[in-house]
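Hi,

Here is the structure I promised to pass on. Have a look, and my notes follow below.

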Amino acid sequence: MTERVYLMIIYTSTLLILLILQMLMPKLIRKNILFGVSIPTNKLEDKDIKLMYKGYKKDNLIIGVPMLIIVSYLLYIFINSKLQVILMFSYIGVLFIIYLRYNSKAKNLKRAKGWDKLGRKIVVVDMKYSRDKSKVGNISPLWFLIPLIITLFNFILAFTVYPSLPNKLPTHWNFQGEITTYSNKSYGVVLLLPIVQLGMVGMFYLIYWMIKKTKQQIDPNNPEESLKKSIIFKKAWSIYLLILLMLITIEFSVLSLLTYGIIFETTRTVDVLNWIILIFSIAGGFVLSIKLGQGGEKLKLKEEDKEEIIYRKDDDEMWKLGNTIYYNPEDSSVFVEKRFGIGWTVNAGRPLGLFLLILPIIMIILTFIFIR
């Protein structure tokens, strides 16, 4: 398999999964959220809502599938990295525009039906939540010591073997496993992989910490059940993150040994690990999203009451840009559940939240500037 075909398979698979998730997302998020807009859950059978769901799927198929074919073809033809990034983000942008159209429709429907004026607005707060660690949902942070210890071992190994290493070290291999680039021996070259490895451990722990600190959402109609679902949801995604980090840590360790010429002489093990990481990250995330839904909404723990009589707090005005960015300076929470999507986002109304919102954008722009 050539490098071009390999990359096209990865790109096309990623775009296809994005399209499938986009189409399934309205049924994976919280029941009281219609395209990012909060609605009473006892109105879900409204005929206009059902028509919106059908129209959303149809528009995604009509626009998304031809775009997928065109973008995949262009990604195969053009090997320029910058152009490939532009094509990927263009496709995501088109899907986002489709969503924005239905977000606007949902807002109009809510106003037209008078759902924004309905009933009481209830906020449920679990006062024991912050004190009871069993309700946090995450796995123990001690699990992250395993990848950290492996990383520290790689640092020690690098310093130990440095005097005996040759003056030229292999630093890049092609898809056939042949060495294409050598670099002069230096501590910068030898320590590069452990440093990146340490950065990955730090980044994954930050995501774990973010999950732990996310504001708990509780359904006022069934607070105990919704709390249990949220705990399972957080724990499942924490385990997913830890397994992914372990796989990446192992891969970086193998790459280090390959660079030093210890144990591994070919890239075959790295290739196998690449596929395992790719399949696990995509398939694992996809399965968790489908099975759990946002905040564990898809979980069935027991027979739930079908009649919803309490309306949740309507905080739509705190959500901007199609209800995708949460901005509430009065809310002390930095991390909150996404309105449309699986996972968590930041409160842009808090300084740390705003920083974390802007940081990835800056990193993407810098990466785009410096990639060749």
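Helices here are DSSP runs of H or I with at least four residues and strands are runs of E with at least two, both numbered from the N terminus. This is a predicted model, where local features need pLDDT of at least 70, side-chain atom pairs count only at pLDDT 80 or more, and totals for chains, interfaces and linings use all residues. Residues are numbered from 1 along each chain as its sequence is written, and side-chain values use heavy atoms, without hydrogens and water.

Asp331 sits in the loop between strand 6 (325-326) and strand 7 (335-337). It is buried because its relative accessible area is 11% (buried is under 20%, exposed over 50%, partly exposed in between, with a 1.4 Å probe and protein chains only). From Asp331 to Lys291 you go 40 residues in sequence and 30 Å in space, C-alpha to C-alpha.

Residues 6-25 are 100% helix and 0% strand, with end C-alpha atoms 28 Å apart. Residues 85-102 are also 100% helix and 0% strand, and there the end C-alpha atoms are 26 Å apart.

Cheers
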